[in-house]
Amino acid sequence: MRSLNSLVGNLASVFFKVLTTHCCAIKLGTFVDVYTANNILNGYTRCKELGIAHKLFDEISHRDTVSWNTLIAGFVNSGNLITAWEILKVMKRCEFDVDGYTFGSILKGVAYACRVDLGEQVHSVVVKTGYGENVYAGSALLDMYAKCQRVEDAYMVFECILEPNSVSWNALIAGFSQAGDHGTAFWLLDCMEKEGVKLDDGTFAPLLTLLDDSVFHKSTMQVHGKILKCSLEFENTVCNALITSYSECGSIGDARKVFDNAVVVQDLVTWNSMVAAYLAHEKEKLAFTLYLDMQKMGFQPDIYTYTSIISACFEKTHRHHGKPLHAVVIKRGLEQSVPISNALISMYLKSHNKSMEDVFKIFESMESKDRVSWNSILTGFSQIGLSEDALKFFGHMRSSSVEIDHYAFSAVLRSCSDLAALQLGQQVHVLAIKSGFEENDFVSGALIFMYSKCGVIEDAQKSFEVTPKDGSITWNSIIFGYAQHGQGNVALNLFFLMKESRVKLDHITFVAVLTACSHVGLVEEGQKILKSMEPDYGIPPRMEHYACVVDLFGRAGRLYDAKALIESMPFKPDAMVWKTLLGACRACGNIELATQVASHLLELEPEEHCTYVLLSNMYGHLRRWDEKASVTRLMRERGVKKVPGWSWIEIKNEVHAFNAEDQSHTHCKEIYQILGELMEEIKWLDSDSHADLLTF
């Protein structure tokens, strides 16, 4: 693959040749020949030298339709539809004949800009000039309608074309594929074959985008068979689409086979597709290996490669790659790329718990920021527990005239949930309604979660009722809400209703329903659901699902069943699973098992204070003072300190946070004075009640 420098060098070389040809034409007097002038004009437009091209066009004394078409195409290909449109209007005023190529160029620009209003004007001119049945103009017209998501209009144009070619069929198939209409897209493929039109890479690439779920694995294999039959297996657009399709169908092995067989036609997109496939299947190690291999093969990573591979550094085992990749990005001069900066922000947020320093350095150094940049910071505050900062940052976003989207609303509502700030949450709800996001899946899910977390399950149910129920997000949120409110049977009924409604279940659905089983003690039902996940729903249980069932056994007092489940897990248990079992041991008072579990935790997280504190408290409760002292000594030797817990209260839309014996609040003296008065009153009431008992 050619590097960016070589492409720039080639462009400069082409420009020099065009300039030389131009000079020779002037010197020899051949520039007056319209054919020669059009060739030179075409050369300048291909080099993106549109200023020179326009000046040259003005100097051509005997322009023809080709001259106008060349200039229009040049501006369209440079993304300047407005200028191209003005040139078209001048062309018509000068009474030059438009043809199929004129329509093809201008409609390409209209489709790219999604200006269907301009497209309809062109359509009327196509009909008036008798080009409605022309295959070139017709194909461009239906492609425009398809890309502007007007597939019905595209089909009507298609029916008017006397002899549609493969370009016409492909444009229509692509339109219905983009609209997500599986049935029509594959029906068109069948019709195309029956009409004897040759299938090519442009036919199969859009169809493969529809095959994005495990239920379509067989269909993907059938399409792959047709590709082989048509001898298109070495077309890189087809190979790239097949890799992505197999990956999304859950078959990473088939994706790798396609990648390996495409060695002759591999381009940068092929490598990026395979890297993305490995990351989607949580095979970060293989993704990193591929990232290194592509460079050995002479492929220079691009923005897409870096954003993908940086996302792999979110995982704990690969976090040490984050800063070296950041250095490579700076070395290559890509640090001002907005997608890469956004990926780095997310990486640092997930890599450094409670730290925002590196994140803000990147954010503040960005010359241009998009909504993703702002939302990443907001979400970061929310995810690492800095909810007060998230609320302040949301206010800053609003005052900075940043467009607030559904991701921003979801993040700030999560912070309201964490702070149990009901009044603030209600105000954000009103703002979401005004902004037209109340029915968005992400926002409605966050609203349901916020209301249930603030103890108002009735309002959570109301939010659920007014939203579309075709996605899993809102269902998962309401199931979680009822589970957390101890209404496990309601949560289970919603789970069964979700299945009946044919809403696609995901791994979060099963976390929610297993949590519900745990809260109401449905041990057998929970076990049954865990075992059914992979065979019945194609969702392999993750760590969090096992943690839920461990909690289920623990709440039922079946500690050794919980331990046996952990030992039977297909992967090594993480700290979350062991902490769940340790909590169950504490609830059941089983110090022997708690000691075993704590040893695993202290090995996994030697710096985490919770394990030491919980174990120490258990020893103290059982009056085993020597063991308690040993735990305290171990904490001191390892430099582990107990992190104080925080409480908060919302008064007049302001959240006040505090911990034990806190002296940092601005009204500290007044607070302690009132607290003292309350304590005296409690003592007085307590002594008064004792006196009443004695009198009685």
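User: When does a charge sit over a ring, and at what distance does Lys469 lie from the ring centre of Phe464?

Analyst: A charge sits over a ring if NZ of Lys or CZ of Arg is within 6 Å of the ring centre and within 35 degrees of the ring normal. This model is predicted. In it, Lys469 lies over the face of Phe464. The distance from the ring centre is 5.1 Å.

User: Which residue lies over the face of Phe57?

Analyst: Look for a charge above the ring. One sits 4.4 Å from the ring centre of Phe57. The residue is Arg63.

User: Are the rings of Tyr291 and Tyr306 stacked or edge-to-face?

Analyst: The structure holds 24 aromatic pairs. In the pair of Tyr291 and Tyr306, the centres are 6.3 Å apart and the planes meet at 70 degrees. Planes over 60 degrees apart count as edge-to-face. So the pair is edge-to-face.

User: How many residues apart in sequence are the parts that Tyr291 and Tyr306 tie together?

Analyst: Tyr291 lies in helix α17 (residues 284-296). Tyr306 lies in helix α18 (residues 303-311). The pair therefore ties together parts whose separation in sequence is 15 residues.

User: Is Tyr306 buried or exposed?

Analyst: Buried means under 20% relative accessible area. Tyr306 has 1% relative accessibility, so Tyr306 counts as buried.

User: Where does Phe437, the partner of Phe409, lie?

Analyst: Phe409 and Phe437 form a tilted pair, 5.7 Å centre to centre, with 50 degrees between the planes. Both are buried. Phe409 is in helix α24 (residues 406-419). Phe437 is in the loop between α25 (422-434) and α26 (441-453).

Note on methods:
Residues are numbered from 1 along each chain as its sequence is written. This is a predicted model: local features need pLDDT of at least 70, side-chain atom pairs count only at pLDDT 80 or more; totals for chains, interfaces and linings use all residues. Side-chain values use heavy atoms; hydrogens and water are left out. Rings of Phe, Tyr and Trp (its six-membered ring) pair if their centres lie within 6.5 Å; planes under 30 degrees apart count as stacked, over 60 as edge-to-face and the rest as tilted. Helices (H or I, at least four residues) and strands (E, at least two) are DSSP runs, numbered from the N terminus. Buried means under 20% relative accessible area, exposed over 50%, partly exposed in between (1.4 Å probe, protein chains only).
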